[in-house]
Amino acid sequence: MDENSKSSGIFQIYKTFLYKIISNKRVRLIVLCLLFSAMGMYIGKTIMSILKPTNLYVPKLKVIGDVKQVIAVKDLEYFKGLDKKSIELQNLIHMAKPFSESYDVLLVGGDGLFAKLEGKNADDCLIEFSPDNGWKAVTEKHPVNSGIKNIKEIVIVSKEKSWDYGLNIISPKENILNITPGEFHLKESTLYPYFDGESSKGADKRDYSVKVYKYKRLLPLRDIVKSNGDPILMMGAKGIYELIHNPGYLEAVGNKINYIDRENRRQLQDIKGIMVDFPPHSIMDVYHDSLHYIENNERVLIILLDGFSYRQYRYGLTRGYMPFLEGIAEPKMATSVYKPITNGGFAAIITGQPPRVNGVYDRKHRDLKTESIFGRVEKMGKKSVLVEGDIKILNTEIEPILNIDRNENGTRDDEIFETALEAMSNEPDLQLVHFHSIDDMGHKYGDTAKETMEALKIIDRYIGDLAANWEGKIIITSDHGMHSTSQGGSHGAFRYEDMIVPYFFLEGGEK
Ligand SMILES: [Zn+2]
Ligand SMILES: [Zn+2]
């Protein structure tokens, strides 16, 4: 048998098989049904593709300003299942999660023209899309001019003042000014051409060269910060910690405020605070001061009072809550780092580096990117010990001695104190003792509450006893401060109460 007759034989079997199937009534019906439904689907799809405006250009509409989340409506997905191509303004704002309950809404058109309406009156406003007018506000209650066309941005501007978000300008003694990203849009700013890049064409790449600029709405820092020519200290998200000598500009982008240095063409994103007249000392000095003495074969005791601000120190001092320290040492003011929280402050203290360098700027960070004082001391062949509460704050080169509230009196500080005294008998070169009760009471009752001050009084006695038993240098400071809230106290904001802590230096062996 040759190849041809072989395949025609197979074809014959196939034909018989097909004929048998088709002659079956039920099978025929099923095949017909399948055929029709496939055709139906094809026709439906074609109609849909004709109706669907696939090539329609939809300009981006953003909800920005004092919101937790920037919303960008960039396609018509939002209208799925809706008859009209419109969204309730209130709905859009709700999605962006405004920082405060009371706010104004700016509807900013593509030409820069904007309408301002009160947030509480935005309930009848619809944001409608049409190919002719782009995004447009449609309202019945509001006057005609709020029907602004080609809306590009919806800016939420908080009406309540708060130091909890936006950019704070402070001094070591007061919170001076808060600017929010939303409010920025109402401030007098200037349009600056900002160099964006260069492209060139031609044989030697210089024949046809085009420089591209982008207009940026910038606010000169000089207009809002009075620094008398002195440098300012700038801090921000992701551990930014910068000394600024020549103040540049601020720019609001989305729900953040960025710093722009036009001369050096550099940007610092999400700036949280600027401190003027900042003190020359920082909690980072602990590392450098300690190292200095240990290298000179002197022993150093670091007493870390969690959540103890310079303001609390002044309050406690004038009311007699610190009988030991009052007679013995006058502290200096020192700056904490942003965010002023325990792991960030603790990391800055033991590494001598700002958060961006040591890698700890968030509550979830536990690992250091740089060597700590403990690692350094160990490398010198010297002994160091860390006496801690019931939780290990950071992973360091040495393991902390943890303490739980064994006698269940509501605080671990009495146990920490006992352990610290015991540890001293081994004569370490470096000992760090971390007390927690001032922070605990501060959170619960407030930074200057009686309970917090009573805790301070007990700590003052512990410090006296530890100092009496320590031969060497003693540094006492805090990781961050504390401010009052309606529920008690808190920290973590760029405000002077959280950012400025006392820095004591004393000699051991004193009673
Ligand atoms: Zn703390
Ligand atoms: Zn705390």
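Predicted model: local features only at pLDDT ≥ 70, side-chain atom pairs only at ≥ 80, totals over all residues.
Leucine 126 is the bridge partner, in strand E6, of glutamate 88. Of the 511 residues of the chain, 38% count as buried, and among the contacts between residues at least 6 apart in sequence, 65% join residues that are at least 24 apart.

**The three-stranded sheet**

- Strands E3, E6 and E7 form an open sheet in the order E3-E6-E7, and the pairing within this sheet is antiparallel.
- The edges of this sheet are strand E3 (86-88) and strand E7 (134-138), each of which pairs on one side only, while neighbouring strands are turned against each other by 25° on average, direction ignored.
- The antiparallel pairing of E3 with strand E6 (residues 126-130) extends over 3 bridges, and the pair of glutamate 88 and leucine 126 belongs to this region of the model.
- Helix H3 (residues 89-96) lies across both E3 and E6, and runs at about 65° to E3.

**The five-stranded sheet**

- A further open sheet is formed by 5 strands in the order E2-E1-E8-E4-E5, and here the pairing is mixed.
- Strand E2 (71-73) and strand E5 (114-118) are the edge strands, each pairing on one side only, and the twist from one strand to the next averages 20°.
- Within this order, strand E1 (residues 61-65) and strand E8 (residues 151-158) pair in the parallel sense over 4 bridges, with valine 63 standing opposite isoleucine 154 in E8.

**The β-α-β unit and strand E22**

- Strand E22, helix H11 (residues 413-424) and strand E23 together make a β-α-β unit that is right-handed.
- The two strands of the unit, E22 and E23 (residues 430-435), run parallel and are joined by 4 bridges, and the bridge partner of valine 387 in E23 is valine 433.
- Along E22 (residues 384-387), Ser384 and Leu386 point one way and Val385 and Val387 the other way, yet all of these residues are buried.

- Although valine 377 and aspartate 429 are 52 residues apart along the chain, their C-alpha atoms are separated by 8.1 Å.

**Helix H13**

- Helix H13 (residues 450-468) has 19 residues, which at 1.5 Å a residue should span 27 Å, and the 27 Å between its end C-alpha atoms agrees with this expectation.
- The buried residues of H13 are Thr452, Met453, Ala455, Leu456, Ile459, Tyr462, Ile463, Leu466 and Ala467; seen down the axis of H13, these buried residues fall within an arc of 165°, so they line one face of the helix.
- Residues three or four places apart point the same way in an α-helix, because there are 3.6 residues a turn.
- Lys450 and Ala468, by contrast, are exposed on the other side of H13.

Notes
Residues numbered from 1 in each chain as written. Chains lettered and ligands numbered in written order. Pairing = 2+ DSSP bridges. Axes fitted to C-alpha atoms, helices over the stretch in contact; angles between N-to-C directions. Expected span 1.5 Å × (residues − 1). Buried ≥ 20, exposed ≤ 12 C-beta atoms within 10 Å, placed from the backbone. Arc of directions from axis to C-beta. Contact = placed C-beta atoms within 7 Å. Right-handed = clockwise from strand over helix to strand, strands pointing away.
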